[in-house]
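Please keep the sequence and the model in view while working through the numbered points.

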Amino acid sequence: MHVKITVFQKGFNYSQDGQGNRLVFHLQGCNMHCPWCANPEGIPTVPPIMVNKDKLLDTACPCGAVRNGELDRSFCEACKDRKCLDSQANLGLSTAGSDWDTDEMVKEAIKCKPMYFDSGGVTFTGGEPTMQFDALMDVYKKLKENGIHTAIETNGTSIRLKELLPFIDQLIIDLKHHDSEKQRAVTGVGNETTKANIEYALKEGKPVLVRIPLVNGFNADKADAEHFADYFESINAPNLSVELLSYHEFGKDKWQKCGMEYTVKDGRLKPGTVKMFEDIFKERGINTIRT
Ligand code: SF4
Ligand code: SF4
């Protein structure tokens, strides 16, 4: 049986998304809407049409959705065949997403085995990889049957994450905020399930790396550092490590290309913020790493 999985980015990186050198698949779709997201093209369930304004011609859409250099996205919502993407000459409209057959994905992962040096393997990230749960489970099982090290980078909000754990060697779970309501107000989803998944995976003995994306005005004050530390102290275990990620704007231009507004105004961290978090975590015996 053919199982489809939608990918919007694929590539190798070293130790950024799990141990060693890794083949990383970014899967389409996310249930959160973090305003600082570096991969906004991965948030919608259907890969969005991306606009390159410098190269956009009014003839780019056979349905007449482009007029005077602007794409009217209301046309695209009901458009099934997306004929604008067929022409190689049309550089003004594109999409990052493509459908894979899970067997083809596993074949590609096996072909890449010589590249997995320093105990590397395959990582699924997103978007939020668990949004394509059944296809993801299918691939993980087949990767493990073929002796490949597996990792996931997830926002941890899937109530089914524990079903995947037997097939995942390394978990990377994002915790956006220590306060569930503050997290929900900004990202659309609270943190209860994420915390429950972190705690379950630690009890199962899985190596768990919790990543906090630090954003000024959201979660980066001294009081936030103390509250995060309170939580990690309460669940501390030898297999827990924490990484602090600094706010950046690498994905900002992609928001516009996808027809979405980038709303973060002043996310950059004040000097010394990461060190302040690291010092507080160290004092509390929390293993904090940099990758
Ligand atoms: S998705 Fe459809 S309506 Fe939108 S630009 Fe492409 S062809 Fe036109
Ligand atoms: S959880 Fe990750 S992929 Fe989803 S919106 Fe937030 S940053 Fe983007």
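1. In which loop is G127 found? G127 belongs to the loop between strand 8 (121–125) and helix 3 (133–145). The model is a predicted one, and the points below should be read accordingly. The peptide bond that joins G126 and G127 is cis, with an omega of about 10°. Most peptide bonds, by contrast, are trans.

2. R82 is not a glycine, yet its phi is positive, at about 45°. Most residues other than glycine have a negative phi. R82 counts as partly exposed because it has 15 C-beta neighbours inside 10 Å.

3. S15 also has a positive phi without being a glycine, with a value near 65°. S15 lies in the loop between strand 1 (4–14) and strand 2 (21–27). Is S15 buried or exposed? S15 has 12 C-beta neighbours inside 10 Å, and therefore it counts as exposed.

4. Helix 2 (residues 102–111) has T102, M105, V106 and A109 as its buried residues. These residues lie on the same side of helix 2, because they cover an arc of only 95° around the axis. The buried residues of helix 2 pack against strand 1, strand 2, strand 7 (98–101), strand 8 and helix 3. E104 and K111 are exposed, on the face of helix 2 turned away from the buried side.

5. T194, N197, I198 and A201 are the buried residues of helix 6. They are on the same side of the helix, because their arc around the axis is only 100°. Their cover includes helix 4 (161–164), strand 10 (170–174), strand 11 (208–214) and helix 7 (222–235). On the other side of helix 6, the exposed residues are E192 and K203. Just after helix 6 comes G205, whose phi is positive at about 85°.

6. Helix 7 can be examined in the same manner. Its 14 residues should span 20 Å at 1.5 Å a residue, and its end C-alpha atoms are 20 Å apart, in agreement. Which residues of helix 7 are buried? They are D224, A225, F228, A229 and F232. Seen down the axis, the buried residues of helix 7 fall within an arc of 135°, so they line one face of the helix. They pack against strand 11, strand 12 (240–246) and helix 9 (273–283). The face turned away from them carries A223, D230 and S234, which are exposed.

7. The largest nonpolar core has 51 residues, and L171 and V210 touch the most other members of it. Strand 11 gives the most to this core, with five residues. Leaving aside residues up to four places away in sequence, V210 touches I173, L175, I198, L240 and V242. Another core, of eight residues, lies apart from the largest one, and I49, V51, C61 and C84 are among its members.

8. V46 counts as partly exposed because it has 13 C-beta neighbours inside 10 Å. The C-alpha atoms of V46 and G285 are separated by 43 Å, and the two residues are 239 residues apart along the chain.

Key: Residues are numbered from 1 along each chain as its sequence is written. Chains are lettered from A and ligands numbered from 1 in the order in which they are written. This is a predicted model: local features need pLDDT of at least 70, side-chain atom pairs count only at pLDDT 80 or more; totals for chains, interfaces and linings use all residues. A residue is buried if 20 or more other C-beta atoms lie within 10 Å of its own, exposed if 12 or fewer, and partly exposed in between; C-beta atoms are placed from the backbone. Helices (H or I, at least four residues) and strands (E, at least two) are DSSP runs, numbered from the N terminus. The arc is that of the directions from the helix axis to the C-beta atoms. Two residues are in contact if their C-beta atoms, placed from the backbone, lie within 7 Å. A nonpolar core is a set of buried Ala, Val, Leu, Ile, Met, Phe, Trp, Tyr and Cys residues joined through C-beta atoms within 7 Å. The expected span of a helix is 1.5 Å times one less than its number of residues.
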